[in-house]
Amino acid sequence: MLSAILLVLQLCFLVNGVPLSLWRHEVDEASMPRISNPERRQEPTVAITGIQTYGVQSRLEIRQLEAKTDQWNLFLLGLRRCQQTDQSDLTSYYQIAGIHGRPYIAWDGVPSADGHSSPGYCAHVSNVFLAWHRPYLALFEQTLYQHMIDAVNEFPAGAVRQRYASAALTWRFPYWDWAATPSDGQSVYPASLQSPTVNVTMPNGTAIIPNPLYSYQFHPVSASDFYFNPFATWNETKRYPTSWDLDAVSQNHLIGPVLDNNRVSFQDRLYNLFTNYDNFTEFGNEAWMHPGLQASDSLESLHDAIHSIMGSNGHMTYLDYSAYDPIFFLHHAMVDRAFALWQALYPDSYVEPMSSVEQTFTISVGDVLDDSSALEPFFSTAKRDYWTAGSVRDTKRLGYTYPELIGNPNVSDVKAAINKLYGNSFGSSSGLSRRESQNSTVPSRAAGEAHFEAASIPDEVVLDGRHRQYLANILSQKFALNGSYAIYVFLGDFDDTPTAWATSPNLVGTHAVFAALDGGDAVSNAQARVKRDHAAIAVTGTMPLTSVLLAKAESGELSSMRPSVVEDYLEANLHWRVGMFDGTQIPPDSVADLTITVITAKVQPAESVDDFPQWSEFTEVTRVTQGKPGGC
């Protein structure tokens, strides 16, 4: 390794496409120039390149980034500056967030399709759902980075500025891993996102500032942009608001227990998507495409659950407003990471031609999209060349990667990393990993509550070296109700009070459908029109049941894991409820096309820690839900 004295570090930016070397360690500190910042673009075109400084760097999990004191401080300072940018600026936090949903206006001169006045640009229930969000995140990442460099340049020339400039070299936007088991019994909901204020180091000393990860403060909120109250009146984003009154406040302390109670479900779903989905279209989007028993889940459906729970009737719960909450970008960075990991596992499957089932600002129902379709409104060059699904296939083109993908690992290495992170819950791990981890435990269902001791898969479940997985497939219409809604799945008795469902000890998990509010605005809300004027948009998700069943068997509540015993237990004890995120209970019969079906599959355990289990023989267990409201 070269001596630090001899090492030359260059901080480079692309200014009008030309690399500019801005700073070296070998320059005398007293005469060290300020780091030049790329021009704030005033012309119509914003070229999205990602951060092209110091090569490809890894996005880190938010708790890993927090451990890097200088990078974390710059991140907070830069994000605060970004949020304070005039809301009329094309690359302001407000304008970038508005690309996703409301206020339904053109961004960077990209017009709507003929006759479209709504909704936003974001492609959901689409084969380009994952690809569209990739340049969107890169736009936010590069914009935020510019503000971080502005923050560096506020420090006096000398060693401190040099230290922060060095820290900036390798920074990339963090992701929030909502599926991995947190260390030391912590909540899956990071503490750094929950405090209204935060301590930072400024050029003139330490200070307490509004935490830019806690909320976005509108300056001002626009009733015409947001249309629907209380969002048209609230002056900052809300999470789990006390009500929809104008004086409502966020209840962050209630979000962690809900997320923790769902985390095993999140982990099981993500692991199953990695191990059992080898087709990109099925993996990526929640549209119901065929009547088969297999492949009813998707990364988009799992993404919906995080969105809706995180907001709990606040901004993140509703499509039109979600991108204004800072946690939106942390969540979507995690979704993008899952996308990238899946790509490493199945490099030969990608975007296939598919007709659009949902309208966007620029896409009409019936438009056929493929990997060459423009991801509007995102330009890759100042000449207004669009990014496409094909051109964003490799994250390195946008200047970033993820920790598990550094150095272009082989498929076995990626599988080993996924097994270590997500293969530990009941029903997820391979038989080998279970035998090697006899003393492993299932994390607590909610912070501070008792947890079940894990055990090897019982011999009675294994036949011909395979064991059974149990899943509940859930089908419903995307816009069956006015806004996002949830289906809560239970195994055993539960308090049948809607406010108690999300934290019930017998909750298996929460399936959520992420949608926009109608609010009686059928004229200007295209999603309401799609619901009424076009064929219903059917979406699906899957709720893994095996983890909880094994825990029930371990505790003695379930006498055996033999199929006949399990099916009897499921018939008697599998329950579900439907609710809006304001606590309103919805009769299952009122949810268009709601169908819950239990299926089983046989799983061949992996033979090594760098291999995956193999799924086969999916079978419907009709009697479990037949005849029940919302059953098959």
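The chain exposes about 23200 Å², and carbon and sulfur atoms supply 51% of that area (Shrake-Rupley, 1.4 Å probe). Keep in mind that this is a predicted model, where local features need pLDDT of at least 70, side-chain atom pairs count only at pLDDT 80 or more, and totals for chains, interfaces and linings use all residues. Numbering starts from 1 along each chain as its sequence is written, and side-chain values use heavy atoms, with hydrogens and water left out.

Of the 632 residues, 60% count as buried, meaning under 20% relative accessible area with a 1.4 Å probe, protein chains only. The chain has 16 helices and 18 strands, taken as DSSP runs (H or I, at least four residues; E, at least two) numbered from the N terminus.

Now for a helix pair. Helix α2 (residues 69–84) packs against helix α5 (residues 159–169) at about 85°, with the axes 9 Å apart; the axes are lines fitted to C-alpha atoms over the stretch in contact, and angles run from 0 to 180 degrees between N-to-C directions. That makes α2 roughly perpendicular to α5 (65 to 115 degrees). On the α2 side, Asp 70, Gln 71, Asn 73 and Leu 74 make the contact, and α5 brings Arg 163, Tyr 164, Ala 167 and Ala 168 (heavy atoms within 4.5 Å).

Further along, 4 strands form an open antiparallel sheet, ordered β14-β11-β17-β18; strands pair if DSSP finds at least two bridges between them. β14 (538–544) and β18 (614–620) are at the edges with a single partner strand each, so one side of each has no neighbour in the sheet. The twist averages 30° from one strand to the next. β17 (residues 595–604) pairs with β18 over 5 bridges, and Lys 602 has Ser 616 in β18 as its bridge partner.

Definitions and conventions. Angles under 35 degrees count as roughly parallel, over 145 as roughly antiparallel, 65 to 115 as roughly perpendicular and the rest as oblique. Buried means under 20% relative accessible area, exposed over 50%, partly exposed in between (1.4 Å probe, protein chains only).
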